[in-house]
Amino acid sequence: FITVSGNSLNTDREILLNLKSFLENQNRVNRGRYSGWNRWTSNPCEWHGIMCSPDMERVTGINLSDSKISGEMFNNFSALTQLHHLDFSRNTLKGLIPDDLNRCHNLVYLNLSHNILGGELKLTGLTRLEKLDLSTNRFHGEVKFSFPAICNRLVVANLSMNNFIGRIDTFFDGCLNLMYLDLSSNKFTGNIWTGFSRLVEFSVSENRVSGLIPASSFSDNCNLIGLDLSVNMFHGEVPREISNCKKLVMLNLWGNKFSGPIPSELGSISTLEGLLLGNNEFSRVIPESLLNLNNLAVLDLSYNNFGGRLQEIFGRFRQLKSLVLQGNSYIDGLSSSGIHKLTNISRLDLSYNNFSGHLPAEFSEMVGLKFLILAYNQFTGPIPPQYGDLSQLQALDLSFNRLIWSIPPSVGNLRSLLWLMLANNSLTGEIPGELGNCSSLLWLNLANNQLSGRFPPELANIGRNPTLTFESNRRSNAMIAGPSDCLVTKRLLTMDYSPFGFIYTILTRKICKNVWDQLLQGYGFFQVCVKGSPVRKYRVSGYLQLSGNQLTGEVPSDIGKMQHFSVLHLSYNQFNGELPVEIGNLPLVVLNISWNKFSGQIPREIGNLNCLQNLDLSHNNFSGIFPTNLNCLNELSKFNISFNPQIAGQIPNIGQLATFEEESYLGNPLLHSRLFKLQDPTVPPLNTGKQALPGEEESEDGFWWKALLMEYGCGMAFGMVMLCICVVKVQPKWVVNNVEGLHQLKAVRPWKKN
């Protein structure tokens, strides 16, 4: 390293103390461990996050990743003349990278990922850099201001998840030592950089790069292990020369306009484990040579408009662990396809096709199956009771079909089941109490069927102990994930209302995969309330969706056991009796019991649900005095108590409840307000035409999903203490309109699919 006369450890110490003061001035609360510098020892080599040279004479590195640092970057790092390692990742740094950083000529490692830094990238002075990670920021402009200027020693460059624009086809030619280049999730355009085959891993996914892939890109000495060109605008045939990449493990071409035959030469790449060719225009002939890929674990051929019956060849991919064929145009049944012979498979996704006939009972022979996704087809008949033998099953999605008869009690044998999605079928009979044995079941959607009978008390036991399933997933190796998996993740997590208060609209595959991995492992990034306290904590949070059925009777007091559930939908049924006070023990964010026959007083305990954001009690028979302690629900953004004509009392003139318009209180003549005159209950609700049915209010984008991602994207450290200061703290109002609050359920079969 370059030595500057007069510099010493004492000089470095003073600069670090200046850095400490700078950080503390910008971060007056929630300070990181840097605040302990110089408190117990004056030797900077013993301070948290500081690295020194072997002789302990100079500071050579700073690692303050995930240290709750916000504000702009320090503007004097160059004074640490022996600095070669700088890591400020996973903070909330903003603004521009200061010009001073360009004078850190000895810097070898720079990681500023997962911040909100912006501006154009100009790092021309960092000519010794070997590893650069600027992912997940807000940088924009072209990369030509830094490349090839910093290419001399660069080995790793991660520029993903920013707003970079322009071409990429010439700027990396001089990066002769480069092995890993990630340009994904930007706005790059133009043609592909043809030198990528000399890398070990290359990703340009989720950009706007277009054109043909030249055969010359795949040189004879191709070193690629991972190639990701997904979600771009490439077209034409895939060159057969791709078989020159003999070390290739993962090939992702999903989401382009590739056409023609799938290259049979792919069958010669014996190392291939993941082959993702979905959302293209390939011909439906599957090369027999692919059967030779003994290491192939993941095959995604979704959204290629394959028609006709399922190709027989899929029943011979015995090595597969994941097969994704969603979004094609397959027809007829599955019993003759031989697909049930894939005994090693753990994930099978045949959703969004036109399969018909009965569900194959033979699927129970796929003993390693963890995810069975058959939604959005035309399957008929009953749910095979043999599915209760799939002991490792974690997700069963049979929603949006034409299934009949009752839910088999054998489903209660599935102790590892996390998701059970049976919505929008024609299921009848009672909800089996055996479902209460599904101790891992956190996401249950039975909406829009013809289920009858009571709410079984045993159902309150679902999801009581998912720990064993989560621990098993933590021990398992993560499977290669593609965009199709992200679509499944969205659907499994989508609910019609958001349990969170913010929206995160960036939906990249990386974010999706991180969300999915953390979810399966039970790591909480769902912000929920702790019972009896306004304190928020992060943990996995489930939902129960029973809307749009014919359920009757009282809701049992056992519902208070459902401590892992934040969303409860019981609307459009025929529940009656009093709402149990135990419901106030739940960490609810959404409570919708509208369009039932509940009676008696509204439990005052609902006023203890400190994190409640959506409360719909409309169209019931509640009576008694209006509980004014609901005014303490400071998080409430949607509220509807309309058409409960026996409720009496005064609506508060100030506070949270005063932020809602007249539509939230219509049809309650005994309620009084100084803010507006309430409508007579004999006046029917406004009919606005065709209304959304429960479970269909949102598109596939799902407000619930967007809000979940926002909680994830904004970081996990925002658990805040929310004091219930009635009348003083008022959230912005969210008007409950006639369309959403007063719509009527039509007595017809629920909508199926276009």
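A salt bridge, as I use the term here, is a side-chain nitrogen of Lys or Arg within 4 Å of a carboxyl oxygen of Asp or Glu.

**Entry 1: ground rules**

I am working with a predicted model, where local features need pLDDT of at least 70 and side-chain atom pairs count only at pLDDT 80 or more, while totals for chains, interfaces and linings use all residues. Residues are numbered from 1 along each chain as its sequence is written, and side-chain values use heavy atoms, with hydrogens and water left out.

**Entry 2: a salt bridge to start with**

I looked up Arg167 and found its side chain in a salt bridge with that of Asp169, at 2.7 Å from N to O. I then checked burial, where buried means under 20% relative accessible area, exposed means over 50%, and partly exposed lies in between (1.4 Å probe, protein chains only). Arg167 comes out partly exposed at 40%, whereas Asp169 is buried at 19%.

**Entry 3: the other salt bridges**

How many salt bridges does the rule give? I noted a count of 9.

One of them joins Arg58 to Asp12, with the closest N and O atoms 2.9 Å apart. Which parts does this pair tie together? Arg58 sits in the loop between strand E1 (50-52) and strand E2 (59-63), and Asp12 belongs to helix H1 (residues 9-26), so the link spans parts that are 46 residues apart in sequence. For these names, helices (H or I, at least four residues) and strands (E, at least two) are DSSP runs, numbered from the N terminus. Arg58 is buried, at 10% relative accessible area, and Asp12 is buried too, at 0%.

Next I turned to Arg240, which forms a salt bridge with Glu265; their closest N and O atoms are 4.0 Å apart. Arg240 lies in the loop between strand E17 (233-236) and strand E18 (250-252), and Glu265 in the loop between strand E19 (257-260) and strand E20 (274-276), so this pair ties together parts 25 residues apart in sequence. Is Arg240 buried or exposed? I found Arg240 exposed, at 54%, with Glu265 partly exposed at 25%.

I also jotted down a network: Glu288, Glu312 and Arg316 are joined by salt bridges that share partners.

**Entry 4: the sheet**

I followed the strands next, counting two as paired if DSSP finds at least two bridges between them. An open sheet of 6 strands runs in the order E3-E5-E7-E9-E11-E13, with parallel pairing. Its edges are strand E3 (70-71) and strand E13 (187-188), each pairing on one side only.

Within the sheet, I picked out strand E9 (residues 138-141) and strand E11 (residues 163-166), which pair in the parallel sense over 2 bridges. Here Gly141 stands opposite Phe164 in E11.
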